[in-house]
Amino acid sequence: MSLAADFFAKGWVRFPLDPDIARWVDAVRPVAAAALADPEQRKAWLRCGGTWFAGVNALANDADGGIMDAGVPPLAGSPLVFVRDVLGLDGFVWDRAQISVCFPGYPQPSEEETEANFRYRKNRDAAHVDGLLREKPSRRRSLGEQHGFVLGLPLSDVPAGAAPLVVWEGSHEVMRGVFQDRLAGIAPGDWAGEDVTEVYVEARRHCFETCTRVEVSAQPGEAYIVHRLALHGVAPWTAGEDGSPRSIAYFRPDPFPGQSPDWWLERD
């Protein structure tokens, strides 16, 4: 099966070692380490009893994914060719990357999560679809950001059980169908005002029961892309208590900023 067929069937694809990605990773490591060590960043992003640095938009990269002042080259390589030729996305601005770092023992209970939230994180990998807003304290869900895809670039060489990404294969088509039914007859410009909580929760439950859960591990220089509608999360750390932290850079660009969000459900 080709990479394209694999991606559209399963909702994710992994790329082998690529020299351009490896160069980007080597150059970005010290920048990511500095973000992790920054007191303000740690205050903002340490979660789960200190076992997860969420690091949302923590990497101050340029629109091409590079950091000129730090000697980080623009993003290049086979994953970007896939995005252009298979996903049909090109010429967009790369968002500031998330630097997600998990430590041995992830996850741990914390004050920012209820017991139910912690159980869901531990037992269901905090599974979610990116871009859905959750209101506080009601926890109601609505459509927020639209991402073209999720690109994961591992920064650390760690064993498979070091809190890997988890994807439910085929869940992207389940989610597509559910949201298409829920939003049918509603102008795309009004989607953001619609409460999709019930259908989203039921769709997750259906994916847990019918879709294959896969743990996705990769090493620096490799990469993976996850479909924008795929249910995914992070598995608990099972690699032992003495390991080094697991660090991954995640990009989630919006390829059509300011445009009607109907592409989010209609594109392959």
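**Group meeting: a walk through the model**

Let's start with one residue. Cysteine 48 counts as buried, at 0% relative accessibility. Buried here means under 20% relative accessible area; exposed means over 50%, and partly exposed is in between, with a 1.4 Å probe and protein chains only. Cysteine 48 also has a positive phi of about 55 degrees, although it is not a glycine. Where is cysteine 48 found? In the loop between β2 and β3 (52-53). Helices (H or I, at least four residues) and strands (E, at least two) are DSSP runs, numbered from the N terminus.

Some ground rules. This is a predicted model: local features need pLDDT of at least 70, side-chain atom pairs count only at pLDDT 80 or more, and totals for chains, interfaces and linings use all residues. Residues are numbered from 1 along each chain as its sequence is written, and side-chain values use heavy atoms, with hydrogens and water left out.

Two other backbone spots. Alanine 126 has a phi near 50 degrees, again a positive value in a residue other than glycine. Alanine 126 sits in the loop between α5 and β5 (132-134). At 18% relative accessibility, alanine 126 counts as buried. Then there is a cis peptide bond, from tyrosine 106 to proline 107, with omega near -5 degrees. Proline 107 is in the loop between β4 and α5 (115-124).

Now the whole protein. It has 8 helices and 12 strands. The radius of gyration is 18 Å, close to the 18 Å that the globule rule gives for 268 residues, so the protein is as compact as a globular protein of that length. That radius is taken over C-alpha atoms, and the globule rule is 2.2 Å times the number of residues to the power 0.38. The C-alpha atoms fill a box of roughly 50 × 45 × 35 Å, taken along the principal axes. Of the 268 residues, 51% count as buried. Residues 24 or more positions apart account for 83% of the contacts with a separation of 6 or more. A contact means heavy atoms within 4.5 Å.

On to the sheets. Strands of a sheet pair through backbone hydrogen bonds, either parallel or antiparallel. Here, two strands pair if DSSP finds at least two bridges between them.

Axes are lines fitted to C-alpha atoms, for helices over the stretch in contact, and angles run from 0 to 180 degrees between N-to-C directions. Further in, 4 bridges join β7 to β12 (residues 246-251), running antiparallel. There, leucine 151 stands opposite phenylalanine 251 in β12.

Another open sheet has 3 strands, in the order β9-β8-β11, with antiparallel pairing. The edge strands are β9 (212-216) and β11 (232-234). The twist averages 30 degrees from one strand to the next. Look at β8 (residues 165-169). Which residue of β9 is the bridge partner of leucine 165? Valine 216. Valine 166 stands opposite glutamate 215 in β9, and its bridge partner in β11 is glycine 233. Both faces of β8 are covered: Leu165, Val167 and Glu169 on one side, Val166 and Trp168 on the other, all buried.

Last, the aromatics. How many aromatic pairs does the structure hold? 15. Rings of Phe, Tyr and Trp (its six-membered ring) pair if their centres lie within 6.5 Å; planes under 30 degrees apart count as stacked, over 60 as edge-to-face and the rest as tilted. Phenylalanine 7 and phenylalanine 8 are an edge-to-face pair, 5.2 Å centre to centre, with 75 degrees between the planes. Phenylalanine 7 is buried, at 1% relative accessible area; phenylalanine 8 is partly exposed, at 29%.

Tryptophan 94 and phenylalanine 149 also pair edge-to-face, at 5.9 Å centre to centre. Tryptophan 94 lies in the loop between α4 (78-85) and β4 (98-102) and phenylalanine 149 in β7 (residues 149-154), so the pair ties together parts 55 residues apart in sequence. Both of these residues, tryptophan 94 and phenylalanine 149, are buried. They belong to one aromatic cluster of Trp24, Phe92, Trp94, Phe149 and Phe251.
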